[in-house]
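User: I'm new to this one. Can you walk me through the structure?

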Amino acid sequence: MITVTNHAEYMNDYNPDGVYYTTQGCNTCKFIKPARSKHCSLCDVCVSRFDHHCSWVNNCLGKKNYKFFLCFITSSAILCAYVTFVVAIVYAYIVLSEGLINMKYEAYDGQYYPVGIRFLSQYMLVRQPLLAILFLVVLFFGVAMTGFSLFHLYLVLTNQTTNEFYKRHYYGKSHTKSSRQSRIISSRTEKTTVKTAKRRALNRNKEISSRTLADEVVTTEKSPSPGTRTPYYKGIWRNITEVMGV
Ligand SMILES: [Zn+2]
Ligand SMILES: [Zn+2]
């Protein structure tokens, strides 16, 4: 969380790359946004190294709490995998210890047929419904949390935030050669919008006037591509240590 008192400290963290982050003022907080920060409308604060606002933990994820979020989703994925495994073992124990796999059932035609996986699953669902519900729930969340953890592992290794990932892919698709004309038009519109927004900010805060006037003209003409290296990439090990704060 960036406040007026710790603002100078966060300004030194990263340099604006000129693509995702230019020198922009925050109209609400009344200061220049540090690179990689974003104002969260829900928390109503600027957040350093903003990743995303998580509705599950009801908080923003940024520079200082992202590592705890990583531990949370990774441990949740491991816990779900563990419970899935334990429930599967319990089911297997019941089936094997009672010899259910070798049993036969009487069909409508009066004949006896060996139970297959489908029939056995239905039988176990009726016999142990709570265990079956638990199995399905932890299996679902286990798959979801594992995918989520792997996605965030990828973000850590490439030193990008969720916010930057979506910016990168959004701009990467919209800034193609075929849409060059629309890019030029939208770039001009962006310049006008940025100029207007910044002029309003300048009127409120004289402190940021000289810097923003110079920077507002230099809006991005570069186009980030999903295939190229991320702007804050420092090498895998340094990316990890940056996130973990060691
Ligand atoms: Zn702000
Ligand atoms: Zn938030």
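User: What does the secondary structure of the chain come to?
Analyst: It comes to eight helices and eight strands. Helices (H or I, at least four residues) and strands (E, at least two) are DSSP runs, numbered from the N terminus. This is a predicted model: local features need pLDDT of at least 70, side-chain atom pairs count only at pLDDT 80 or more, and totals for chains, interfaces and linings use all residues. Residues are numbered from 1 along each chain as its sequence is written, with chains lettered from A and ligands numbered from 1 in the order in which they are written.

User: Which residues does the "transmembrane region" annotation cover?
Analyst: According to the unreviewed UniProt entry, residues 68–94 and 130–157. UniProt positions are in the numbering used here, feature names are shortened, and annotations may be inferred rather than shown by experiment. In the model, residues 68–94 are 100% helix and 0% strand, with the end C-alpha atoms 39 Å apart. Residues 130–157 are likewise 100% helix and 0% strand, and there the end C-alpha atoms are 40 Å apart.

User: How many residues does H2 have, and how far does it reach?
Analyst: H2 has 32 residues and reaches 46 Å from its first C-alpha to its last, close to the 46 Å expected at 1.5 Å a residue. The expected span is 1.5 Å times one less than the number of residues. After H2 comes Gly99, with a positive phi near 65°.

User: At what angle do H2 and H4 cross?
Analyst: Roughly 145°, and their axes come within 8 Å. Axes are lines fitted to C-alpha atoms, for helices over the stretch in contact, and angles run from 0 to 180 degrees between N-to-C directions. The crossing is left-handed, that is, the near helix is turned anticlockwise from the far one by less than a right angle (clockwise would be right-handed). The contact includes Thr74 and Ala77 of H2 and Phe135 and His152 of H4. Two residues are in contact if their C-beta atoms, placed from the backbone, lie within 7 Å.

User: How far apart are the C-alpha atoms of Thr74 and His152?
Analyst: They are separated by 9.5 Å, though the two residues are 78 apart along the chain. Thr74 is partly exposed because 17 other C-beta atoms lie within 10 Å. A residue is buried if 20 or more other C-beta atoms lie within 10 Å of its own, exposed if 12 or fewer, and partly exposed in between, with C-beta atoms placed from the backbone.

User: Which residues of H2 are buried, then?
Analyst: Tyr66, Ile73, Ala77, Cys80 and Thr84. Their cover includes S6, H4 (129–157) and H8 (236–244).

User: Different topic. How many residues are in the largest nonpolar core?
Analyst: It has 12, among them Phe31, Val47, Phe50, Leu61 and Val243. A nonpolar core is a set of buried Ala, Val, Leu, Ile, Met, Phe, Trp, Tyr and Cys residues joined through C-beta atoms within 7 Å. Strands S2 (31–32), S4 (45–47) and S6 (59–61) each supply at least two residues of this core. A second, separate core of six residues includes Ala77, Phe135, Val138 and Met145.

User: Is Asp44 buried or exposed?
Analyst: Asp44 counts as exposed because it has 9 C-beta neighbours inside 10 Å. Asp44 is in the loop between S3 (38–40) and S4, and its phi is positive, near 60°.

User: And Asn159, buried or exposed?
Analyst: Asn159 is buried, since 20 other C-beta atoms lie within 10 Å. Asn159 sits in the loop between H4 and H5 (162–174), with a positive phi near 50°.
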